[in-house]
Number of protein chains: 6
Amino acid sequence: MPLIEVKLYEKRVTPETRGQLIERLTDAAAEVLGDEVREHTWVVLHPVPETHWGIAGKPGGD
Amino acid sequence: MPLIEVKLYEKRVTPETRGQLIERLTDAAAEVLGDEVREHTWVVLHPVPETHWGIAGKPGGD
Amino acid sequence: MPLIEVKLYEKRVTPETRGQLIERLTDAAAEVLGDEVREHTWVVLHPVPETHWGIAGKPGGD
Amino acid sequence: MPLIEVKLYEKRVTPETRGQLIERLTDAAAEVLGDEVREHTWVVLHPVPETHWGIAGKPGGD
Amino acid sequence: MPLIEVKLYEKRVTPETRGQLIERLTDAAAEVLGDEVREHTWVVLHPVPETHWGIAGKPGGD
Amino acid sequence: MPLIEVKLYEKRVTPETRGQLIERLTDAAAEVLGDEVREHTWVVLHPVPETHWGIAGKPGGD
């Protein structure tokens, strides 16, 4: 605890951004909740194709 | 807001059904909650292989 | 299958909208995927306080 | 109901473990909640690459 | 890893069933994936009112 | 996009930590993915009672 899950466009997930997101989101949680949570923080990334993500009724990437 | 997430068999997700699901689910939310939510409605589709979806202890597609 | 989960502001969830959302979202899925899915469609509503939902870094309801 | 969702490293998901997880997790729910839930229990497996799963700020598999 | 999340009717979640579900679902995962996962298995229970869970277009508990 | 969901112990969610988590997690995403995502970043907090969160087969708070 805590469990941080991130859904984002798959084009945004690269070897660089993966590691940085995991690190910075963990840092953010530890800053707010106390450093004792750091060891127990899970971050799970879920890439989603733009075509599978609709905003205001329209799929992205079309 | 609102956020609508749909998990469904991967075989059901085609270029046609993707767009239609995003549109119709957004329409349904706007009809019930008021059209002002339309712009802020997200629909995220999560295709799942039948083999990864168990019902009554049995995986699909086996 | 399918599984439709909806997160929305708790103030939007009333005895009326609950039933309507469940019905209309199920209709929308059945229209697109075929009426044979209707019996097997789950809709789960998750009300969220505005204060627990941040957009662009700001929580709602503050 | 109930709905059991499992996120796990994709390397752990094989044709054998898929079926066993679905069966054993359904058994566990039925043992605790009563066998009448068995028919209505869904288990959905979500394999995740280790590189997309961070623990204590570090992604797995790096 | 693994992360097991369970959504179930609120009335099914009691001090007894909570502990039993957490224990048995963890056992099931460890039996299938190997006992080394036991220490790292999370089970999170999400009780849902029947009125917020629709099946085949009808909410429960009405 | 992106959508950041956080599950954490209920006791960790206070009027202070809510706002800070939403702000810092949004900052972290914007730093990594580019500031253009800030406006479109959602952070949704899900407090969970310790008794509903099992680690290694044991529920918290017992």
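This is a predicted model: local features need pLDDT of at least 70, side-chain atom pairs count only at pLDDT 80 or more; totals for chains, interfaces and linings use all residues.

So, let's begin in chain F, with F:Thr41, which sits in the loop between helix H1 (15-33) and strand S2 (42-48).

Is F:Thr41 buried or exposed? Its relative accessibility is 0%, so F:Thr41 counts as buried. And what does F:Thr41 touch, if we skip residues up to four places away in sequence? Within chain F there's F:Met1, F:Pro2, F:Ile4 and F:Thr26, and from chain C there's C:Gly54, C:Ile55 and C:Ala56.

Let's stay with that loop, but move to chain C. C:Val37 is in the loop between helix H1 (15-33) and strand S2 (42-48) of chain C. With 2% relative accessibility, and the limit for buried being under 20%, C:Val37 counts as buried. Leaving out neighbours within four places in sequence, C:Val37 contacts C:Met1, C:Pro2, C:Ala29 and C:Ala30, plus B:Arg12 from chain B. If you want a distance to go with that, take C:Val37 and C:Thr26: they're 11 residues apart in sequence, and their C-alpha atoms are 8.9 Å apart in space.

C:Lys58 belongs to strand S4 (residues 58-59) of chain C. At 58% relative accessibility, where exposed means over 50%, C:Lys58 counts as exposed. Still, C:Lys58 has contacts beyond its neighbours within four places in sequence, namely C:Trp53 and F:Ile22.

Next, some backbone geometry. You'll find B:Ala56 in the loop between strand S3 (53-55) and strand S4 (58-59) of chain B. B:Ala56 counts as buried, because its relative accessibility is 17%. Over in chain D, D:Ala56 also has a positive phi of about 55°, and again it's not a glycine. D:Ala56 is in the loop between strand S3 (53-55) and strand S4 (58-59) of chain D, and at 16% relative accessibility D:Ala56 counts as buried.

A:Pro2 lies in the segment before strand S1 (3-9) of chain A.

While we're on chain A, let me zoom out to the whole chain. There's one helix and four strands, and reading from the N terminus the order is β-α-β-β-β. For 62 residues, a compact globule would have a radius of gyration near 11 Å, but chain A comes in at 14 Å. Along the principal axes, its C-alpha atoms fill a box of roughly 45 × 25 × 15 Å. Buried residues account for 63% of the 62 residues in chain A. Of the contacts in chain A between residues at least 6 apart in sequence, 65% join residues at least 24 apart.

Last topic: how the copies relate. Turn by 120° with a shift of 0.0 Å along the axis, and chain D lies on chain A with an RMSD of 0.0 Å. That's the relation of a three-fold axis. Which C-alpha in chain D is nearest that axis? It's the one of D:His46, at 5.8 Å.

Chain F is another case: a rotation of 180°, with 0.0 Å of shift along its axis, superposes chain F on chain A with an RMSD of 0.0 Å. Those two copies are therefore related as by a two-fold rotation axis. In chain F, the C-alpha nearest the axis is that of F:Glu5, 2.6 Å away. And 100% of the interface residues of chain F are also interface residues in chain A, so the copies meet through the same surface.

Some pairs don't touch, though. Chain A and chain C share no contact, and their closest C-alpha atoms lie 13 Å apart. Chain D and chain F don't touch either, with nearest C-alpha atoms 13 Å apart.

That's what I had, so over to you.

Terms used. Residues are numbered from 1 along each chain as its sequence is written. Chains are lettered from A and ligands numbered from 1 in the order in which they are written. Side-chain values use heavy atoms; hydrogens and water are left out. Helices (H or I, at least four residues) and strands (E, at least two) are DSSP runs, numbered from the N terminus. The radius of gyration is taken over C-alpha atoms; the globule rule is 2.2 Å times the number of residues to the power 0.38. Buried means under 20% relative accessible area, exposed over 50%, partly exposed in between (1.4 Å probe, protein chains only). Contact means heavy atoms within 4.5 Å. Copies are superposed by least squares on the C-alpha atoms of residues with pLDDT of at least 70 in both.
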